[in-house]
Amino acid sequence: MKKVLMGNFAASHGVRLSRAQVISAYPITPQTHVVEELSAMVARGDLEAKFIKVESEHSALACCIAASVMGARAFTATSSHGLLLMHELLHWAAGGRLPIVMVAVNRAIAPGWNIWNEQTDTLSQRDTGWIQLYCASNQEILDTVIQAFRLAESVKIPVMVIYDAFILSHTYEPVDIPEQDTIDGFLPPLDNPEALKVGEARAFGSVTNPDFHMEFRIKMHNSYRRAMEEFEQVDRDYAALTGRGYGIVEPYRCDDADLIMVAAGSLAGPVRMVVDDLREKGIKAGRVKLKMFRPFPAAQLKEALKPAKKILVLDRNLSPGTGGIFAHEIRSAMKDDSRPIWGFVAGLGGRDITPELIASMFFDALGAEAPVSNTIFKGVRL
Amino acid sequence: MIEPTYVMEESEELLFPGHLACQGCGATIAMRYVLKALGRKTVVVIPACCWSIISGLFPSSCLDVPLIHTAFETAAAAATGVRAALDVQGQEDVNVLAWAGDGGTFDIGFQALSGAAERNENIIYCCYDNEAYMNTGIQRSSATPVGAWTTTTPKGGLEDRPKKDIVPIMAAHRIPYTATANVAFPDDLYRKVKKALSYKGMKFIHILSPCPTGWRIPSSESIEVARLATLTNLFPLYEVENGDTWRVTYHPSRKMPVEKYLDAQARFRLMSGEDRDQIQKNVDKSWQELLKRSG
């Protein structure tokens, strides 16, 4: 059934179709609609779940963690400061190998208060052990939430489904909502054999001395590596049922491209548009949409970038003193590659990234042998 | 007088031998009694505290029930999550015990605790209070009493603020059941846990649990010292139902000076005589207020 939905409601429908059992959340703009709609779904009886209105994001995730330890399918949603408040528990969830799914709506971080779009909040959580999947449309949000539960429960790693504040969260787009039967066939009820059971003398999270701790972390690392293959399988299975798949990276007009720009999230759309415009002008441009950021798909990315003579990265985020975080990761993955990489940072705190601005980045790279510096800020007054 | 229950001796032992507590640890005794009252159909949640260690190192556990270790400030939130999971699984009859120290209850876990109480989560939250951060080596918490020495209230800077009065604060949340208990009065503790279970909703029990290491007392005197806390009216035993019905559950037969309790512990050795007099006055005043509230 097709409906016109804002990105946040697309997420709510994804959670409903995934039959989440325990939902715990705290309000924060621009995520709030996700859980408002879920609470309405629970109240209407469209979703059989416990909806817990906790007193902080920290408690929201603590609650999901404990519910997940007991074998329930748990979901939460947050953004920006809420995500940062959860930081400690992000590690708990991942270290506990708990298949929790979270929606994280990319929003800038204070000071000063800013509710608009920026990716620094989720990217600063990159080492917590969560899988990170970035979405570029409302349809992709709904589909990715459902895929995320299957992926999380298969590799026992929590998954963050990420999309842009307002640009997607509050924007209405036509979205195909799959039938419940279709999703039930794709995502069976959670049966976690490691869950604690009443009557059993088992403990979760006991003090672990140096004899064991490292092996636990290595197992986590290896499962994390496996998550890439697993996601490809999940994506294929989902495509077989719904006709929609997204891939870990999605190249566009890259086969013969001289310049390829890498972008994640909703920016992938305007970059594609600019690529088409440039192609009409005879400039061989291409785009790679990065869906998965953790684990980092270095091999897939390198493959997609193979034809390029010049590589451009568009970051709506900043690691102060270092530059764009995607650019930093890509440079690290391409360290043995001599091709020049332009790292553009734009649109911080919700500033518009227009097609003209994106085109100017391609022209910068077109007119130079190498970037003038590692980090080039675009669309700024300085 | 407290009627001995005897039932406790017949009830199931859910604490295995071989725990890692110090000798004379009140918190371990408290857990044993509480689990006896709760029974096997229980899930325990423990945040960072002495009990994170006492329960045993991976892959061991000294509890014969499922146990979830959780972050320091999350006991009540995690217990909420366990409750939610059990309820969606149709296991409404299983007890959820949040088991936290005074630091995890009075300080860092207070927000989550207040949230769970306000929501009236169907859990039982026990704070075993040893009046400082004992697991990290005796640092003061907001449960540390006036005049006490700790490593962060050293000579020259002894604790000078009154202990946070946690039970009235919890009772003010209008939860079904709030109570104090003391490991030196096991029948009273056992009965209170049983009574708590008769209520659906949030139950809070504040258990005085001596720490010989931190209180600077011989481990063999743990129970004696704990008993003095109640016999001197410094730690009265009472319960509050639905936030408004207060009842003292133990009336000491004769008045005993607070000095007896203070003198038994080296942590109070540096306290001035003036402070001692003031504590006695405060105890007398609080006791009278409690009697008044209890009708």
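**Entry 1: helices over a sheet, chain A.** I started with helix α11 (residues 298-305) of chain A, which lies across β10, β11 (259-263), β12 (285-290) and β14 (310-315) of chain A and runs at about 5° to β10(A). For such angles, axes are lines fitted to C-alpha atoms, for helices over the stretch in contact, and the angle runs from 0 to 180 degrees between N-to-C directions. Contact here means that the C-beta atoms of two residues, placed from the backbone, lie within 7 Å. Helices (H or I, at least four residues) and strands (E, at least two) are DSSP runs numbered from the N terminus.

I then found helix α13 (residues 355-366) of chain A across β11, β12, β14 and β15 of chain A, at about 150° to β14(A).

A note on what I am reading: this is a predicted model, in which local features need pLDDT of at least 70, side-chain atom pairs count only at pLDDT 80 or more, and totals for chains, interfaces and linings use all residues. Residues are numbered from 1 along each chain as its sequence is written, while chains are lettered from A and ligands numbered from 1 in the order in which they are written.

**Entry 2: the sheet itself.** I traced an open sheet of six strands in chain A, with the order β10-β12-β11-β14-β15-β16 and mixed pairing. Its edge strands are β10 (249-252) and β16 (376-377) of chain A, each pairing on one side only. Pairing requires that DSSP finds at least two bridges between two strands. At one end, β15 (residues 341-345) of chain A and β16(A) run parallel over two bridges, and Val345(A) has Phe377(A) as its bridge partner in β16(A).

**Entry 3: confidence.** I checked chain B, which averages a pLDDT (the predictor's confidence in each residue, from 0 to 100) of 96, with 97% of the residues scoring at least 70. For the complex, the predictor gives an ipTM of 0.97 and a pTM of 0.97.

**Entry 4: where the chains meet.** How many residues does each chain give to the contact? I noted 38 from chain B and 39 from chain A. On the side of chain B that touches chain A, α4(B) gives the most, with 10 residues. I also saw a link between strands: two bridges join β9 (residues 203-204) of chain A to β2(B), and the two run parallel. There Phe204(A) stands opposite Ile68(B).

**Entry 5: β5 of chain B.** Is strand β5 (residues 177-182) of chain B mostly covered or uncovered? I found it mostly covered, with six of its six residues buried (20 or more other C-beta atoms, placed from the backbone, within 10 Å of the residue's own). Tyr177(B), Ala179(B) and Ala181(B) are on one side, and Thr178(B), Thr180(B) and Asn182(B) on the other.

Thr178(B) stands opposite Phe204(B) in β6(B) and has Val240(B) as its partner in β7(B).

**Entry 6: α10 of chain B.** Among the buried residues are Val225(B), Arg227(B) and Leu228(B). The buried residues of α10(B) pack against α2 (26-38), β5, β6, α9 (212-215) and α11 (258-263) of chain B. After α10(B) I noted Asn233(B), whose phi is positive, near 70°.

Terms used
A residue is buried if 20 or more other C-beta atoms lie within 10 Å of its own, exposed if 12 or fewer, and partly exposed in between; C-beta atoms are placed from the backbone.
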